[in-house]
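The sequence and structure follow.

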Amino acid sequence: MQRSISNKLIDHIGEEVMIKGWMNAIRILGKLSFMVIRDRGGMVQVVIEDREEIEKVKNLQPGSIITVIGQVQESKQAELGVELIKPKITVEIPVTTPLPVEYNKPELNAEMDTILDYRPLTLRNQKISAVFKIQATIVAAYREYLTSQGFTEFFGPNVISASSEGGTELFTVNYFDQEAKLSQSAQLYKQMMVGVYERVFALMKCFRAEKSATRRHLTEATQFEFEMGFIDGFEDVMDMLENTVKFIVKSVNEKNAKELKTLGVKSALAPEEVSFPRITFREALELYYKRTGNDERHEIDLSPEAERELCKYAREEFGTDFIFVTHFLRKKTAFYAHPNEENPEVTNYFDLLCREAEIVSGGQRIHEHDMMEESLRLKGLNPDDFRDYLAIFKFGMPKHGGFGMGMERLTMLLLGLDNIREATLFPSDTKRIASVSIKRKIVPGSQLVQKIKSLFDDAGVKYEYQKHAPVKTSEEAAEVRGTKLEEGLKALILKGKKSGKNIMVCLPATEKINMEKLKGIEGEAFEFEKPEVVKEKFGVEVGGVPPFGFLMGLKTYYTESAKEQTNSNFNCGTREESMTVKTKGLLELIGLDIQFI
């Protein structure tokens, strides 16, 4: 008998079929038992009445490989509209080891670290696997649309001899006793390929040695790379990008309705009839100021708060979750960004924002040799390090442009996920390599003090540091510092009552945590972590915890009221060392790593 797939059984009601898959769950209820089999088509219930058949499976654990021959019966209550009755069961590979994590339940109540520690198993969870089913559609749609527009796919190198963008955030590898680099992007290679095919795209790995543990960043990511020649202006690139994104969103909505329902989400709004709004960088800062009163008009880049507000504006005013921001300052953009013809202080460059953050950067590239060489020097780079790249501009390069779009970040924001690791099969970051945990070295509080000082110094944020007698309470701290109690910023480490995950909440010393509000956001109740656990896991004593959750790998919330204080005073790793800093400077420094409640 030929094997049938579960989602095709609706066409075989009343017939005898054979299915193969993993046992996902079993319920033994006396004379009547139920077993759920998972295969690539979904889940199908098997109704077991025969005592001998029940004996075959009653002691099995989820994951056992099962073959079932049975009769297809209509069942309006079942997910696929059918179930199997009168089964004959063959246990192909029995699993008897209890699950370390209950991936077979609809909701996987575990913290991110636990989910990643058992990644081969947790990927079997319905909700988690739905994310990557959708991601596969995103990739297929990207390829399908660009191929239809005359683009050729290419495959560039990941191991290179020198930096592809001139930055310092590079991983080095030993390459036959020579030092090589892991590529930051396919930028230089896709520009080279424009000289071959005119229109090219790629799906490439990129590596960034950033010591960032934010919910948006990875050290290994996947980029949708794109470049097109003979453009009239960088608007042509934006037009092609907009059409590509709309095609991707439409494909997800059409092909992944089941997965979106499983996740309980709707994909980002991108109606075909609505053009993505386009505003300049200066206009974006002005708009943010008018809508919020926060004045960032002197900044050279968009803050996370500004990005969120601009996306909110796009949704409210235009009915789309996407918005272009154009004409970024030349001192902010890469060396290959083409200066604007009317105002050379800005470039013909753009970001595309979605829901709350940037998902694409791109624009027009410099295509003339002398201008490119001058731009390299302007950025403090040595043209000799880019000889192969520069050579292509001596032999005919058309006016061209392109973009890079993060696959994992697009997936995250398209589905409204909370963390980019939820959209990455086997994430690598500062704590993991391909989801496998690197043994975490606990940084003692005394070293945290120096780390925080370095962060402020590197960012140019002014602060005052003082050493004093040990303190245990906020009142004692305010007295010994000689500061206002309400300007004390306390950092508290909590533990989820169900998941056991740790988070940090930072708030003024005069306030208490709104546990009910936190429960509404996180979906579970929290309690204070035990002092001895805080010391063991994070290397600091309660009372000395600094408000820098990302330094300890913690998701961090700040209360809205914490933003309102002019100054923030806090213990910075020990009970006898404190810092005072302008609250605005503190929040700007760690803005990517916090959420407000």
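Contact here means heavy atoms within 4.5 Å. By that criterion, and not counting residues up to four places away in sequence, Glu 307 touches Arg 216, Leu 302, Leu 353, Glu 356, Ala 357 and Glu 358. This is a predicted model, in which local features need pLDDT of at least 70, side-chain atom pairs count only at pLDDT 80 or more, and totals for chains, interfaces and linings use all residues. Residues are numbered from 1 along each chain as its sequence is written, and side-chain values use heavy atoms, with hydrogens and water left out.

**Glu 307**
- Glu 307 belongs to helix H9 (residues 304–318); helices (H or I, at least four residues) and strands (E, at least two) are DSSP runs, numbered from the N terminus.
- Glu 307 is buried, with a relative accessible area of 7%; buried means under 20% relative accessible area, exposed over 50%, partly exposed in between (1.4 Å probe, protein chains only).

**Eight-stranded sheet**
- An open sheet of 8 strands with mixed pairing runs in the order S6-S10-S11-S16-S15-S14-S13-S12; two strands pair if DSSP finds at least two bridges between them.
- Strand S6 (152–153) and strand S12 (278–280) are at the edges with a single partner strand each, so one side of each has no neighbour in the sheet.
- Strand S15 (residues 357–364) and strand S16 (residues 400–406) run antiparallel and are joined by 5 bridges; Gln 364 has Gly 401 in S16 as its bridge partner.
- Helix H12 (residues 407–415) lies across several strands, including S15 and S16, at about 65 degrees to S16; axes are lines fitted to C-alpha atoms, for helices over the stretch in contact, and angles run from 0 to 180 degrees between N-to-C directions.

**Three-stranded sheet**
- The order S19-S25-S24 describes an open sheet of 3 strands with antiparallel pairing.
- Strand S19 (463–467) and strand S24 (567–571) are its edge strands, each pairing on one side only.
- Direction ignored, neighbouring strands of this sheet are turned by 15 degrees against each other on average.
- Between S19 and strand S25 (residues 577–582) there are 5 bridges, and Tyr 463 stands opposite Val 581 in S25.
- Helix H13 (residues 445–459) touches S19, S24 and S25, its direction making about 20 degrees with that of S25.
- Helix H14 (residues 474–481) lies across S19, S24 and S25, at about 110 degrees to S24.

**Strand S3**
- Strand S3 (residues 42–48) is largely enclosed by the rest of the structure, because 6 of its 7 residues are buried.
- S3 runs antiparallel to strand S2 (residues 32–39) over 7 bridges, and the two form a hairpin with 2 residues between them.
- S3 also runs parallel to strand S5 (residues 82–93), joined by 2 bridges.
- Gln 45 stands opposite Val 36 and has Glu 83 in S5 as a bridge partner.
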